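Student: I've got a two-chain model to go through. Can you take me over it quickly?

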Amino acid sequence: MEDKAILRRFKELEPLEDAWKQWQRTRKEFEEAVSLLNDPATSSDPEMSQLAREEASSLSTSLESLVQNTFPSLLIPPSSTKHFSALMELKSGVGGSEASLFLADLLRMYQRLANVTNWRATIVAKNDTEGSGIKDATVEFKGEGAYDALRWESGVHRVQRVPATEASGRTHTSTVAVVVLPLVEEAESSPEDDLFTMAEIKLEVMRARGAGGQHVNRTESAVRLTHIPTGITVSMQDERSQHQNRRRAFQVLRSRLLDLKLTREMEERRNVRRNLVRGADRSEKIRTYNFAQARVTDHRIGLTLKNLDSVLEGDGLQTFIDAIAKHHEESLLADMLEPEDTK
Amino acid sequence: MLLRLLSSSLGRSQAARELRWMQQARDSGASCLSLEDMVNRRLTGEPLQYILGTQPFGPLNLLTRPPVLIPRPETENWVIKLAETLSPTPSKPVTLLDLGTGSGCIPLLLCHLWPPGSINAHAVDVSTHALRLAEDNAKLCGFPSRSSEEKPHNTFSSHKANFLAQDFSQVASRINPAFDIITSNPPYIPFDEYLKLSPSVLNFEDPKALFGGPSGLEFYHAIARLVSSKDILRPDAMVALEVGHNQARSVESIMRATGRFRLTEIWLDPWGKQRTVIAHV
């Protein structure tokens, strides 16, 4: 475990070392170019002196870029959540069956994104509606960086379109709420950073089984966990055995508690640094998918892509995710560079 | 359409779940039946577990085959609890006897949960169907009948025998001279309750795995006879018996009456029923 921590630290410091080495190398080259320029032998040769001038100027630009761009970006602390996988919960909101149909579209969009990014996407729980809609779904995305990328998807997604089921051709507005939680593997969480104790958990099985035992062979495996200190409850009934449902339920509970912890830490940081992007306010409308105009707008950064299909296919979605992540980094940086006394 | 058909007999949410499990079994290649065939069989009352051919049991995924008793969640629960109660090791291994093993679920889950080389399990059943299924499950889970020299293994062996027979204690002694643990989920349904069982139990699962005689307690008396005979139980041995919803007290007194146990306890199942009688030598 200790070795692993050291290795991780090593890896985190790599960009720092790289930048420093590059700075030293470039500086040395610059000094050489300058001394060449000052050499009487060079100044007597017009061609040589021209070359040396160009070299020095180009190196000076490199140095400037290192100071202005590379060094400040190193100030951003490495993401502590980089190795987390993600657990995504989607719930249909206003709009009835149309919202359920849109949820199915979003689910497909995220599965396609997972294909491109090589995360393993698994549907953990899902409630279908009549027709081909989905009332709610829970999906896990396993892979490094899944949480850091998908966390920006938390919030309300709005669709404006004429539903397939609407005969009059009127445009409807429906919503789907997305919550993305960090996912930790059971094996990864060491006892010291465990988020709860078994004494804090109330475990219930749902539905009566009458006499039970040999008398009943119906598959009734639903379980419900309550984390007493926070009141968080998790119900799971999608697996065929109680043992599996219990494991799934504990996994979801662990994600919710970790999310709570991360949110709290972010709040604390925000009290110190007021510029930080507002964290996941899950009731906030973050994006609109407008089918009539084939455009998607992200309301947080005011970015509109006029290629709805590409977003739903996953490629355009990547553009949004990258843009928001960049925005987040920039505001982190702006905040750090702000003089202490103006805070 | 299939969902509507299933809903009429199972209720909507249960039907939706079962249909999804059928789809998963088909898509994963675990079943070569069509969805229509599966639904039609389910509509006749056939248990889902026979149609899919498997049932998860703890972390294991066991084979199920008619008419062998399908592993129940109540059993899964107490076996996991038993596995957590004891901690055998390769240097201090235990020998176990499971009476009426059926699919083999009890000894196989213990073999899975305990470290390699810490348990030698012997399973007994009167039904050849059950023994064949238990052996298939043992193979699937990777437990050989004998330990190899170079690498410690948990072992599972099966034996055809009727533990109601008067001379069963001699049979048991031949299997192994003495045991550290005896487990059993014997047939325990009494006559009057047997007739009221749901069709999917009554018409599909083996009566020999369910019917416990007129009182439902016949097999517990046979187990009491077995543990009373000399040398079957080792010092510090333990007996764990699953019981019907209202039998725990009766079975507890049957076990106490043998005079072999210093302590008995009753475990509840997740639904609050007294499900398991534990007796300590």
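Tutor: Here are some notes on domains, helix packing and the contact between the chains.

Student: What should I know before reading residue numbers?

Tutor: This is a predicted model: local features need pLDDT of at least 70, side-chain atom pairs count only at pLDDT 80 or more, and totals for chains, interfaces and linings use all residues. Residues are numbered from 1 along each chain as its sequence is written, while chains are lettered from A and ligands numbered from 1 in the order in which they are written.

Student: How is chain A divided?

Tutor: Into domain 1 (1-75), domain 2 (85-184 + 284-337) and domain 3 (198-272). Those bounds come from an automatic or database domain assignment. The C-alpha centres of domain 1 and domain 2 of chain A are 42 Å apart.

Student: And chain B, which domains does that have?

Tutor: Domain 1 covers 1-44 and domain 2 covers 73-280. Their C-alpha centres are separated by 33 Å.

Student: Helices next. At what angle do α1 and α2 of chain B pack?

Tutor: About 130 degrees, with the axes 7 Å apart; α1 is residues 2-10 and α2 is residues 12-27. That makes α1(B) oblique to α2(B). Angles under 35 degrees count as roughly parallel, over 145 as roughly antiparallel, 65 to 115 as roughly perpendicular and the rest as oblique. Angles run from 0 to 180 degrees between N-to-C directions, and axes are lines fitted to C-alpha atoms, for helices over the stretch in contact. Helices are DSSP runs (H or I, at least four residues), numbered from the N terminus.

Student: Which residues of α1(B) and α2(B) meet?

Tutor: From α1(B), L2(B), L3(B), L6(B), S7(B) and L10(B); from α2(B), R12(B), Q14(B), A15(B), A16(B), E18(B) and L19(B). Contact is C-beta atoms, placed from the backbone, within 7 Å. By class, the residues of this contact are 7 nonpolar, 2 polar and 2 charged. Ala, Val, Leu, Ile, Met, Phe, Trp, Tyr, Cys and Pro count as nonpolar, Asp, Glu, Lys and Arg as charged, and the others, Gly among them, as polar.

Student: How do α12 and α13 of chain B cross?

Tutor: At roughly 20 degrees, with axes coming within 9 Å; α12 is residues 218-228 and α13 is residues 248-256. The two are therefore roughly parallel.

Student: Which residues touch there?

Tutor: Y220(B), H221(B) and A224(B) in α12(B) meet V251(B), I254(B) and M255(B) in α13(B). That contact has 5 nonpolar, 1 polar and no charged residues.

Student: Now the chain contact. How many residues from each side?

Tutor: Chain A gives 19 and chain B gives 32. On the side of chain A, helix α6 (residues 242-272) gives the most, with 3 residues.

How values were computed: Two residues are in contact if their C-beta atoms, placed from the backbone, lie within 7 Å.
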